[in-house]
Every structure is written in structure tokens, then in C-alpha cells.
Amino acid sequence: QNIQLITIFSDEWIKREFQCKSHLKSVLGINERRIYARKCYTKEIDKATANQFIESYHIQGKNHLGVLYFGLFLEDELLGVMSLGRHNRPSKYDIVLDRLCFKDSVQILGGASKLFSKALGLGPILSFSDNRWSLGKVYTALGFELEEEYGPDYSYVHVEGSDERISKQSQKK
């Protein structure tokens, strides 16, 4: 029926309200600037710069598994970041696209493709789409093929102190 549902957990809204609002604006097409990727350039950036940007603009924040980072720039302004990491389990995939995000209120037409072009040739790449937040259309645009779709899952929230969301996979059985 061409309806997209978005699920936001209360801890995400409390801890990452700016990032949640930024993503909602993007989904609704509310942007202050619209830029064509052909006017931008990409280059490898250091981990600290990438993590600071990702922490500022990605709903999940930085990922500690990233090993290679690329930035998308207009003149000297960093507008987008892609983080690539190693897969944590033996797999046919060498690399995981673990974060992709753009600056708040900026739409970059072709930005994801321009960033992803830096990863081509590095080996087979895997990524995951959190369907609570998106329909995963960017992956189709980048040439990914859907291998499997998982149903809803659970995680834990540390309510005392940090309110940190913890995946079930990181917990001992």
C-alpha cells in the first residue's frame, strides 16, 4: 500500500533525538540544501574524524569494528561518511558496510553511490538494513542483492546508568 512504518524505541529518542529527527526529516524530504554528488569529491579519512561525524549523524552512532573510512566533501565541508569493517565471523564476505550517513538537512543526490564507489574492488561486501528505519532502497541502488530477510528481533537496554542498547548476539547464552 506504499506505506512506510518507522519504529523508534524510547531509549533511542531519549539518547539520539537529534539523529532520529534528522532521519525523519530525510525520509520526509525536508532538507535545507540539495547538492549533486558530481560537485563533491571523496577521499579516505581518519577514524577519529569519521567516528565524530557518525556519532553526530547516525542513529546507531559509531561502530568500533570500522577499519576504513571515506568522506564525501563539498569544497572543505564534510557532508557524508561511509565506514567499512571486517566481518566478525567467518564468511564469504571480506568487508561489511557498517555505517553510511549524511549531514543533517542536506540531500546529496548520488552521494551514497559516490561514496560506495570507493569500496568497489575491495572484495565481497555485506551490509544490513534495519527495516525499523528504512526500506533498504539505498542497497538496491548500490547494486546489493537481498540474500535474507530476518523477522523482528529483540535486544536489551541497560536501564541503570548508561541506557545502552545491547544486541542479543553480544550476550552469553
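Trainee: Hi! Which residues do ring pairs link into a cluster?
Mentor: Phe-18, Phe-53 and Tyr-57 are the ones joined by ring pairs. Rings of Phe, Tyr and Trp (its six-membered ring) pair if their centres lie within 6.5 Å; planes under 30 degrees apart count as stacked, over 60 as edge-to-face and the rest as tilted.

Trainee: Before we go on, what kind of model is this?
Mentor: It is a predicted model, where local features need pLDDT of at least 70 and side-chain atom pairs count only at pLDDT 80 or more, while totals for chains, interfaces and linings use all residues. Residues are numbered from 1 along each chain as its sequence is written, and side-chain values use heavy atoms, with hydrogens and water left out.

Trainee: Thanks. How many aromatic pairs does the structure hold?
Mentor: There are 5 aromatic pairs. One of them is Phe-18 with Tyr-57, a tilted pair at 6.2 Å centre to centre with 55° between the planes.

Trainee: And why does that pair tie together parts that are apart in sequence?
Mentor: Phe-18 belongs to helix 2 (residues 17–28) and Tyr-57 to helix 3 (residues 47–57), so the pair ties together parts 39 residues apart in sequence. Helices here are DSSP runs (H or I, at least four residues), as are strands (E, at least two), numbered from the N terminus.

Trainee: What about Phe-18, is it buried, exposed or partly exposed?
Mentor: Phe-18 is partly exposed, at 44% relative accessibility. Buried means under 20% relative accessible area, exposed over 50%, and partly exposed in between (1.4 Å probe, protein chains only).

Trainee: Which angle separates the planes of Tyr-139 and Phe-144?
Mentor: Their planes are 85° apart, an edge-to-face pair with 5.4 Å centre to centre. Both Tyr-139 and Phe-144 are buried.

Trainee: Switching to charges: what lies over the face of Tyr-36?
Mentor: Arg-38 does, 4.5 Å from the ring centre. Likewise, the charged end of Lys-43 sits over the ring of Phe-73, at 5.1 Å from its centre. A charge counts as over a ring if NZ of Lys or CZ of Arg is within 6 Å of the ring centre and within 35 degrees of the ring normal.

Trainee: Where does Lys-39 lie?
Mentor: Lys-39 is in the loop between strand 1 (33–36) and strand 2 (41–44). Lys-39 is exposed, with a relative accessible area of 58%.

Trainee: Now Arg-16. Buried or exposed?
Mentor: Arg-16 is buried, at 12% relative accessibility, and its place is the loop between helix 1 (10–15) and helix 2. Its side chain reaches the backbone oxygen of Ile-59 at 3.0 Å. That is a polar contact: a pair of N or O atoms within 3.5 Å; within protein, one must be able to donate a hydrogen and the other to accept it, and residues adjacent in sequence count only if both atoms are side-chain atoms.

Trainee: What else does Arg-16 touch?
Mentor: Not counting residues up to four places away in sequence, Arg-16 touches several residues, including Asp-11, Glu-55 and His-58. Contact means heavy atoms within 4.5 Å.

Trainee: Follow-up on Glu-55: where is its place?
Mentor: Glu-55 is in helix 3 and is partly exposed, at 32% relative accessibility. A polar atom of the Glu-55 side chain lies 3.0 Å from the backbone nitrogen of Lys-62.

Trainee: And which side chain makes a polar contact with the side chain of Ser-22?
Mentor: That of Asp-104, at 2.9 Å. Ser-22 is found in helix 2 and is buried, with a relative accessible area of 9%.

Trainee: Last topic, the whole chain. How many helices and strands does it have?
Mentor: The protein chain has 5 helices and 9 strands. Of its 173 residues, 36% count as buried.
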